[in-house]
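My entries are below, in the order in which I made them.

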Amino acid sequence: MMDTESIRSDFPILERRINGRRLAFLDSAASSQKPVQVLDAMADIYRNSYANVHRGAYTLSQEATEAYEEARHKVAVFLNAASDEEIIFTRSATAAMNLFAYGWGLNILKPGDRILTSVMEHHANIVPWHIIARHTGAELCYMELTDDYRLDMESARERFDERVKVVAVSGMSNVLGTMPPVDEIARLAREVGAVLLVDGAQLVPHAPVDVQTLGADFLGFSGHKMLGPTGIGVLWGRRELLESMEPAEGGGEMIRDVRLHDSDWAEVPHKFEAGTPPFVEAIGLGAAVDYLSAIGMDAVLEHDRDLTGYALERLAEVPGLSVQGPADTVDRGGAISFDLAGIHAHDVATILDQEGVAVRAGHHCAKPLLRSLGLTASTRASFYVYNVAEDVDALVDALAVARRIFGLDGA
Amino acid sequence: MALEELYREVILDHYRSPRNRQALGGANAVAEGNNPLCGDEVRIELLIEGDEVTAIGVTGHGCSISQASGSMMGDAVKGRSIEAIRTLTGRFKGMMSIDGAGDPGLDPSRPGAVLGDLEALQGVRKFPVRIKCANLPWTTLEEAIKGFEEG
């Protein structure tokens, strides 16, 4: 069991009152809050050891470089990567996905090739492929959903053939909470010789991930959804694939030699880290990884599951509310999207905010998914380590207020 | 309380029973507006005869504020000259601006308009993220008129 009380005391923002109410922060799927350990780690670098990394032959630069590479090591251990060099720091999950799309997809794909993804993807795993498809003449294909909001593996199997060269799928939907069977998708991809990218933006913060057993060839995620700062993301890749992948950006730090008309790349991971990297943010992510590791990712997953189960139960009491996502907690993360009959998601979010409950309203950067569900917007509540049952109760109470304001409580 | 100011009964009434919600056969000015951040969508169809808007259709979907604003706007501009609509639009947007305290407000004595309803949207100003919802139909109306004038 997690000591949520002690965890909550590490997050100063949770003490804030919002519109005079206790804050129930239920939007961690968009971005999580930060513990003091992360804030302190970053402040410590800025105050005591700040200088550009991999450049200066002086003490401060050396200390900052060591802290940066130590953060890389922490992330590698967190993911059980084969080596630190498999961890490429980017500015976000979106940048990680784009690095793979440009570095791999742009150079490998040809007309007639296929990129296979799913309808439940975030725009960050769709739009880069639109661009790459336009450049290469490759075609973008989709795996569909079942009626219970899971990937339809039966029809998906038929999509895997030798034309498929890249498979790009989310490890956990930011809208539905669905966790598709990555192992089976990996097996199918391997059979046709395709490379598998997993969008881990939701998966990595909320579930134990071992890249050596996950089955993916590449994994992208961001720091700010897992207690770390904004401006930092990670692309993990199998070393042999990273070595054959082209850089997507050129600049300082990523070269071995530069002449007037050509240049040679540095070794991985540096060949993918052009320019001054967000190293203070990487160090913040390292502190977040320490924090999550101390809790244990199995415990994080179990905590999210317990809250999700409780929330699904309580939300079922709200008249007119329908959840878009699996109805149980099997292979499901703690993002719960719902529609409340007669009240638009924005109105729900505005009213909930007045009650101190922070939720996301809109299309969640997954317009193709919402369109396939017949929606233009929905409300989403999502959980993390600092959430407690009281937050769910506040959500349910605030939904009753929304229904009363809209004259829907039958009075 | 701010919520009651935002969700006044008249706004909820327009949201539940939107006026002018029709596809206009023979419309000669059309524009579609959307808010890519939140997905609100509005389609404005106008029949402009001479310099007067003689009929309006307001369709779309979105939150109560965007849809009620569009419904009220239809009532307010129908039968008005383009010049008068321009003045009204300017005043509405003035009312919606966060520093709109200096705006003279909408003149309730103006004949033929449902200005009282429009003023009910003043509560939106306390919710800055929702101001764009209220403005969406008006911006789209401006685009429809601009498109008509540019032929």
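**Ground rules.** The model is predicted, so I noted that local features need pLDDT of at least 70 and side-chain atom pairs pLDDT 80 or more, while totals for chains, interfaces and linings use all residues. Residues are numbered from 1 along each chain as its sequence is written, chains are lettered from A and ligands numbered from 1 in the order in which they are written, and side-chain values use heavy atoms, with hydrogens and water left out.

**Helix H4 of chain A.** I looked up the length of H4(A): it has 16 residues and reaches 22 Å from its first C-alpha to its last, close to the 22 Å expected at 1.5 Å a residue. The expected span is 1.5 Å times one less than the number of residues. Helices (H or I, at least four residues) and strands (E, at least two) are DSSP runs, numbered from the N terminus.

I found a bend of about 25° in H4(A) at A:Ala101. The bend is the angle between axes fitted to the seven residues ending at a residue and the seven starting there. At the start of H4(A), a side-chain oxygen of A:Ser92 comes within 3.4 Å of the backbone nitrogen of A:Thr94.

I then listed buried residues of H4(A), among them A:Met97, A:Leu99, A:Phe100 and A:Trp104. Buried means under 20% relative accessible area, exposed over 50%, and partly exposed in between (1.4 Å probe, protein chains only).

**Ring pairs.** My search of the whole structure gave 15 aromatic pairs over all chains. Why is the pair of A:Phe100 and A:Trp129 edge-to-face? The ring centres are 5.9 Å apart and the planes stand at 70°, so the pair falls in that class. The rule takes rings of Phe, Tyr and Trp (its six-membered ring) with centres within 6.5 Å; planes under 30 degrees apart are stacked, over 60 edge-to-face, and the rest tilted.

The pair links distant parts of the chain, 29 residues apart: A:Phe100 is in H4 and A:Trp129 in helix H5 (residues 127–136). A:Phe100 is buried at 0% relative accessible area, and A:Trp129 is buried at 1%. I also noted one aromatic cluster, formed by A:Phe11, A:Phe25, A:Tyr291, A:Tyr384 and A:Tyr386.

**A:Cys141.** I placed A:Cys141 in strand E6 (residues 139–143) of chain A. Is A:Cys141 buried or exposed? A:Cys141 is buried, because its relative accessible area is 11%. Leaving out residues up to four places away in sequence, A:Cys141 touches A:Arg114, A:Ile115, A:Leu116 and A:Thr117; contact means heavy atoms within 4.5 Å.

A:Ser155 lies in helix H6 (residues 153–159) of chain A and is buried at 17%. Its side chain makes a polar contact with the side chain of A:Asp152 (3.3 Å). A polar contact is a pair of N or O atoms within 3.5 Å; within protein, one must be able to donate a hydrogen and the other to accept it, and residues adjacent in sequence count only if both atoms are side-chain atoms.

A:Asp148 is in the loop between E6 and H6 of chain A, and counts as partly exposed at 43%. The side chain of A:Asp148 makes a polar contact with that of A:Thr146 (2.4 Å).

**Chain B.** I noted six helices and three strands in chain B, in the order α-α-β-β-β-α-α-α-α from the N terminus. Of its 151 residues, 50% count as buried.
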